[in-house]
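Here is my note on this model, as you asked. Keep the structure open while you read.

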Amino acid sequence: MLNPWRLRLLVLLDNLGTVRAVAQSLHLSPSTVSQQLAVLETETRTRLLERSGRRVRLTRTGVLLARRGREILDRMTETEAELRALNDEPIGTVRLGVFQSAIHPLAVPAVSRLADSHPQLHVELVESEPHESGSALRAGEVDVIVTTTDYVEFPWGGDLEITPLGTDQVVLLLPPDHALTRREVVDLAECEGEAWACDRAGSYMAGLTLRLCRESGFEPKVACRFGNYLLLIEHVEAGRSVALLPALAVAPHHAVVTRELTTPVHRNVAIVVRRGTAPRAAVDAVVEALLDHPEIPALKT
């Protein structure tokens, strides 16, 4: 009989590529993951892994089981949700992955409302940026994500159900005494000589900043890279840099000036879940709470 826990390890290996990555995602040691995969091979009486240099990869049989395993695990989750929903009361745990600029204006209020309306439903909030949330959703690491579908490097497919939330404008952040604050709208080409505060290399916002600067005819001179937007904004506040960020990320109390670009840039914000045939009361409740949000000035519907 297949063990769901070990099957999930195989699915994650197919998705993440290495035993070490699987171990890091689950806060386990690589040796523990390897041992459990070896047990799965014994249980299935099938060779699932083979060595390729210093790494392991899935055999053809391993790939087949991983793909079928993903379907099995999803169906188990759906069945559990169906059983829990027989009394029409969403219960259990839903893991909600949200990019950081939407956590406080959107996700936290939604979770607070759910705590009042559905006390048996627990929502675990996970910071998950657009360059990582889609893969986490497909791997089953989260159940719902708030992301931007403009991240074209991720293969959005028919296995995912996308519900639009609105658009979020990308704005230029300037120190309060910067000369460009005199403009209502700024041509990005005028920032060619500036020092830039950027997100981590490989992230959605880092890629967008690089692309927009290059389209304006220059290579940005990076002064710092922070995955935490608060640190990035504080660097601009200190007069050490300028930056591009979604308007959702900039709260009114920050001592920075935001300006629109002469060529406006928006990102499409959406809720995404894995598509399933069975109703999932808990997931549906989270999606409905996210959609039923009070007005958020930065999020245009």
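1. Which residues does Leu 188 touch, not counting residues up to four places away in sequence? They are Leu 172, Trp 196, Leu 212, Cys 213, Ser 216, Phe 218, Leu 244 and Leu 261. Contact means heavy atoms within 4.5 Å.

2. A word on the source. This is a predicted model, where local features need pLDDT of at least 70 and side-chain atom pairs count only at pLDDT 80 or more, while totals for chains, interfaces and linings use all residues. Residues are numbered from 1 along each chain as its sequence is written, and side-chain values use heavy atoms, leaving out hydrogens and water.

3. Leu 188 belongs to the largest nonpolar core, which has 70 residues. Val 144, Val 146, Leu 172, Leu 188 and Trp 196 touch the most other members. A nonpolar core is a set of buried Ala, Val, Leu, Ile, Met, Phe, Trp, Tyr and Cys residues joined through side-chain atoms within 4.5 Å. Buried means under 20% relative accessible area, with a 1.4 Å probe and protein chains only. A second, separate core has 21 residues, including Val 11 and Leu 13.

4. Of the protein's 301 residues, 47% count as buried. Residues 24 or more positions apart make 73% of the contacts with a separation of 6 or more.

5. There are zero disulfides. A disulfide is a pair of cysteine sulfur atoms within 2.5 Å. Cys 213 is buried, at 0% relative accessibility.

Technical notes
Buried means under 20% relative accessible area, exposed over 50%, partly exposed in between (1.4 Å probe, protein chains only).
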